[in-house]
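Please look over the model shown here.

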Protein chains: 2
Amino acid sequence: MASIFPSRRIRRTPFSPGVEAAGVKGYTVYNHMLLATVFDSLEYDCAHLKEHVQVWDVACERQVSIKGPDALRLMKLISPRDMDKMADDQCYYVPTVDQNGGMLNDPVAVKLAADHYWLSLADGDLLQFALGIAIAKGFDVEIVEPDVSPLAVQGPKADELMARVFGEAVRDIRFFRYKRLAFQGVEFVVARSGWSKQGGFEVYVEGADLGMPLWDALFTAGGDLNVRAGCPNAIERIESGLLSYGNDMTRENTPYECGLGKFCNSPEDYIGKAALAEQAANGPARQIRPLVIDGEIPPCLDAWPLYADGLRVGEIGSAIFSPEFGVNAAIGMVGRSHWAPGTVLGVETPAGMRPATVQERFWR
Amino acid sequence: MASIFPSRRIRRTPFSPGVEAAGVKGYTVYNHMLLATVFDSLEYDCAHLKEHVQVWDVACERQVSIKGPDALRLMKLISPRDMDKMADDQCYYVPTVDQNGGMLNDPVAVKLAADHYWLSLADGDLLQFALGIAIAKGFDVEIVEPDVSPLAVQGPKADELMARVFGEAVRDIRFFRYKRLAFQGVEFVVARSGWSKQGGFEVYVEGADLGMPLWDALFTAGGDLNVRAGCPNAIERIESGLLSYGNDMTRENTPYECGLGKFCNSPEDYIGKAALAEQAANGPARQIRPLVIDGEIPPCLDAWPLYADGLRVGEIGSAIFSPEFGVNAAIGMVGRSHWAPGTVLGVETPAGMRPATVQERFWR
Ligand SMILES: Nc1nc2c(c(=O)[nH]1)N[C@@H](CNc1ccc(C(=O)N[C@@H](CCC(=O)O)C(=O)O)cc1)CN2
Ligand SMILES: Nc1nc2c(c(=O)[nH]1)N[C@@H](CNc1ccc(C(=O)N[C@@H](CCC(=O)O)C(=O)O)cc1)CN2
């Protein structure tokens, strides 16, 4: 693959010097920003993540800050999830949709105050959607991308490492809750969350200044924990069934199709609610499914069509070999008639047709 | 620089096989899509573009299709430019802004019909802004990203090459106007436009099927014209003063600051108009300027601060050595007190401070 051509538009992060010093080998671009994809090899990075602890530059999970008297009103328009149930220290995984129920993003919402929310974005300028609505409605709300850069600490030793840097209080943070904890005298939002299922935290680093000092402090404190620089790992996230907007779902899909129906519980008249009513009642006609693909597979750069008896019944958006489970693990969108576990379909890869079997569940 | 890690989210284009066969060496990501940045070397690509003709995969200039009874109403809300003056076969360069006059994108608008427009985007999901407004206003309009992939033919021999493939009629297309011309029986919008000042056309290829056939037809027809695969060239576009959203301006800037005030002539009450009134009357406090930087400079990956007497007076967003003019050509945003041609400022590059002199005009 060709190399990535740098420019100001493809933004660096406060942690880029650390990422580069750690020998990053691959990048993607996410929210107009660099995101590392591999350091040693995907396989090595994955195995290390499952055994030790990693520090991830996920500054590209940019925040949309929604602040002001109408912040909650706006959130209730764009969130299918019941915002009134959200605790003051809570994070909510929120599929956001258009008027037809088509997914626009799947951010993590962070409640900072009754009149202040962050949306921690997947790849896409959801800021522009929120802004368009707020302007057209005349809402009294400020919508900006603040200078906030999440840093994730992931892996089984994450609690130990974070306790050494932020204090024992980190251990009491519950899943998708946060505490404000100080580093060098400055308080950051520290949440138990992250784009892996190996456990860990995300620190929302406000301002670029303390980015590298925090990065360095984590590496100094974690020497004996075998801490390494890492990044969201394609193998681990596919095994875990963590969806990636743009890979596994697009605006063509609804939250119900993505298996995110449980997050559509708002009693408010949110955008897309009417369009989703039918799927809320009867379920979607296709849905995200784990699949196993036989044989050798190339990198998945396009949607790979799924066929049964010559008819297209779905597609695969992510696929990779899992060393731990010894299979090609894949995430697909599969039609109802063919989504039962054990169903064998054909998947058209650039290397030819391969058998693909629907699984009962993801690998963790 | 590390290599780019492929995935479905970083979309390939209908022309990717041609780009790869031509030996692309560098990529950027633009609107979630691959965009080639260099084939031979930036210098060689640039010199060739100025002498011959190139075919560019600019599929990443994604279209926002705005169609329906309220299409013009929506366009009038988001366009600072007078939409009533737009001819039926015209393309408009349109800075789009938020309620504070901050730039959200600088697309090329294409009028397909009285009730149907395309916005050909710079890097950013302006679709989500248009959608948010349309939903909140209850407009009767359909907003989608259609399967349309622009292919540019640029350079002094572009008229000759295009005439051989689309017929002599291409020669009569005026600047920023278009004709519907057939290739293999299918009509495409063919406009005289493109992100260089070497002259040429953009073909809005609808559907992926005819992408590679058109690519191949252009190379077959242009053998004796020394046609090559190319891409927007960083050197040529900086010499030409063609702005790049995310590099030279962001939401922090207004159209007046970008020198795009002449495009803000709408009599309608468009979004941001009130906020721009002051700058419309008195001019902006800072503005885009060409600059020459002395000495050797590294690639410009960040905004480089400009100083005068120890005070920050602006910044540079793009800079590169121009072989043709024998200088480091740069695009900066410079405060009014220091923007007079001949003013010598200091620019802080990662390689140290360098003198930077404000120029009278861009190089073409
Ligand atoms: N800051 C933060 N921002 C993010 C991500 C993140 O990772 N953290 N990831 C991307 C958004 N997408 C997801 C997808 C899955 C999850 C996730 O963690 N899901 C859990 C738990 C969801 C829940 O129970 O609420 C699951 O099991 O599906 C979080 C964000 C981009 N933005
Ligand atoms: N399809 C198309 N789409 C595009 C671009 C393009 O290139 N063509 N380029 C990007 C948008 N930005 C620009 C910037 C400059 C010009 C441009 O061409 N400007 C001329 C002429 C403007 C005019 O007179 O209207 C100038 O001299 O400044 C066009 C699009 C992305 N989308």
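The sections below cover the basis of the report, a helix pair, several strands of chain B and one tryptophan.

## Basis

This is a predicted model, in which local features need pLDDT of at least 70 and side-chain atom pairs count only at pLDDT 80 or more, while totals for chains, interfaces and linings use all residues. Residues are numbered from 1 along each chain as its sequence is written, chains are lettered from A and ligands numbered from 1 in the order in which they are written, and side-chain values use heavy atoms, with hydrogens and water left out.

Helices (H or I, at least four residues) and strands (E, at least two) are DSSP runs, numbered from the N terminus.

## The α4 helix pair

Two packed helices are described by the angle between their axes and the distance between the axes. Helix α4 of chain A (residues 126-137) packs against helix α4 of chain B (residues 126-137) at about 30°, and their axes are 7 Å apart. α4(A) is therefore roughly parallel to α4(B). Axes here are lines fitted to C-alpha atoms, for helices over the stretch in contact, with angles from 0 to 180 degrees between N-to-C directions; under 35 degrees counts as roughly parallel, over 145 as roughly antiparallel, 65 to 115 as roughly perpendicular and the rest as oblique.

In α4(A), the residues that meet α4(B) include A:L126, A:F129, A:I133 and A:K137, and those of α4(B) include B:L126, B:F129, B:I133 and B:K137. Contact means heavy atoms within 4.5 Å. The residues of this contact between α4(A) and α4(B) comprise 12 nonpolar, 4 polar and 2 charged. Ala, Val, Leu, Ile, Met, Phe, Trp, Tyr, Cys and Pro count as nonpolar, Asp, Glu, Lys and Arg as charged, and the others, Gly among them, as polar.

## Strand β2 of chain B

Strand β2 of chain B (residues 26-30) is mostly covered, with 5 of its 5 residues buried. Buried means under 20% relative accessible area, exposed over 50%, and partly exposed in between (1.4 Å probe, protein chains only). B:G26, B:T28 and B:Y30 point one way from β2(B), and B:Y27 and B:V29 point the other way.

β2(B) pairs in the parallel sense with strand β1 of chain A (residues 3-4) over 2 bridges, and A:S3 stands opposite B:G26. Two strands pair if DSSP finds at least two bridges between them. With strand β3 of chain B (residues 33-38), β2(B) pairs in the antiparallel sense over 5 bridges; B:L34 is the bridge partner of B:V29. The hairpin of β2(B) and β3(B) has 2 residues between the strands, and B:N31 takes a positive phi near 55° there.

Strand β5 of chain B (residues 63-67) has 4 of its 5 residues buried, so it is largely enclosed by the rest of the structure. β5(B) pairs in the antiparallel sense with strand β10 of chain B (residues 116-120) over 5 bridges, where B:S65 has B:W118 as its bridge partner. A further 3 bridges join β5(B), again antiparallel, to strand β11 of chain B (residues 142-144).

Chain B also holds a closed barrel of 6 strands with antiparallel pairing, in the order β17-β20-β19-β18-β21-β22. The twist from one strand to the next averages 40°.

## A:W56

A:W56 lies in strand β4 of chain A (residues 54-57). At 0% relative accessibility, A:W56 counts as buried. Beyond its neighbours within four places in sequence, A:W56 has contacts that include A:L49, A:P150, A:W195, A:C231 and A:N233.
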